[in-house]
Amino acid sequence: MRTALVRRTVLTASAVSLALLATACGTDKDGKADDKPTIGAPAPSTAPAVKGKTDAELTALLITQAEAPGFLLQPEAAAKLADVDKASVTTDKPECKVLVQSQALQKVGAPTGVARTALGAKPKEAGPNASAEEKAEAIKNAIGTTVTMVGLTSYDDKGAQEVLASVKAAGQACAGGFSSTSQGETTKYESVQRGTGAPVTSGEEAVSLVLTADLEDGDKATILLTVLRTGSTVATFSSISLLGTAESPVTLVADQSKKLG
């Protein structure tokens with residue numbers, strides 16, 4: 001079975017893919033919140049040496065449509081990400097929980113601010129004189145386009161560094177797989193591997209991972225997870241394709257990182 005968080009990721013990808021169909025065809029233009037932070041909690045009695053950004057400040061730093069010409073921003077899918085923190089999650093290996101939280105863009109630790117959005121790689125349009133076969137291929141490509149959810153979180157003190165450290169550690173500790181449970185449903189992750197593409201050079205530090213999860217009826221989901229840090233802000237990119245393997249959103253990661261400074 002797939003957990004609520006994995007299902008939410010797949011449903012977000014579905015919503016974006018369906019929204020891209022019009023472009024491809026050339027037509028006219030859920031639970032109780034987990035309140036217990038495990039990392040990144042600020043010291044209760046001292047002012048932070050480094051102060052994290054607010055929701056409003058992070059929203060202003062999110063990549064926009066004009067800044068991502070190769071992608072299509074999906075406001076409706078992005079709006080649904082606001083509810084992601086309502087689903088609690090547990091893992092059989094505690095150190096792996098941060099991977100599930102990150103792939104779903106849940107809050108990790110105690111961030112001072114959060115901002116999220118969702119984009120789909122712009123599919124190739126079928127021309128006005130396209131054949132039925134060409135239109136069918138365009139529809140297939142739109143459904144299988146890579147959908148990337150982007151999340152920005154900021155932290156006081158060394159909270160951002162601690163998040164990156166926990167993701168990096170989980171990438172090693174959870175390599176052999178793990179299970180997660182959310183809202184009574186369990187998902188088995190077969191493996192966690194290092195990203196196979198070019199190393200991510202954006203940000204002050206970064207890690208790229210590939211999570212393979214079992215779904216119903218023998219289907220599998222491959223989720224590309226890139227997490228990077230710039231100062232007190234963590235940028236998370238969770239990419240998935242409904243058909244086959246997602247393509248790494250290299251330009252999106254670079255452009256978002258550049259906007260962070």
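1. The largest pocket has 21 lining residues. Nearest its centre lie Gly 197, Ala 198, Val 200, Ser 208 and Ser 248. Keep in mind that this is a predicted model.

2. On volume, the largest pocket comes to about 440 Å³. That figure belongs with the 21 residues of the lining.

3. Three elements each give at least two residues to the lining of the largest pocket: strand 7 (205–214), strand 8 (220–230) and helix 8 (250–260). Strand 7 has the largest share, at four residues.

4. The largest cavity holds about 110 Å³. Its lining consists of 15 residues. Those nearest the centre of the cavity are Leu 105, Gln 106, Val 108, Thr 153 and Thr 236.

5. Which elements give two or more residues to the lining of the largest cavity? They are strand 4 (147–154), helix 7 (159–173) and strand 9 (233–240). Strand 4 gives the most, with three residues.

6. The lining of the largest cavity divides by class into eight nonpolar, five polar and two charged residues.

7. For a quick check in the viewer, start with Ser 208 and Ser 248, two of the residues nearest the centre of the largest pocket. Then turn to Thr 153 and Thr 236, which are among those nearest the centre of the largest cavity.

Definitions and conventions. Residues numbered from 1 in each chain as written. Predicted model: local features only at pLDDT ≥ 70, side-chain atom pairs only at ≥ 80, totals over all residues. Heavy atoms only, no water. 1 Å grid on protein atoms, 1.4 Å probe; cavity = no way out; pocket = protein on both sides within 12 Å on 5 of 7 lines; lining within 4 Å. Points joined across faces, edges and corners; volume = space filled by probe spheres on them. Nonpolar A, V, L, I, M, F, W, Y, C, P; charged D, E, K, R; others polar.
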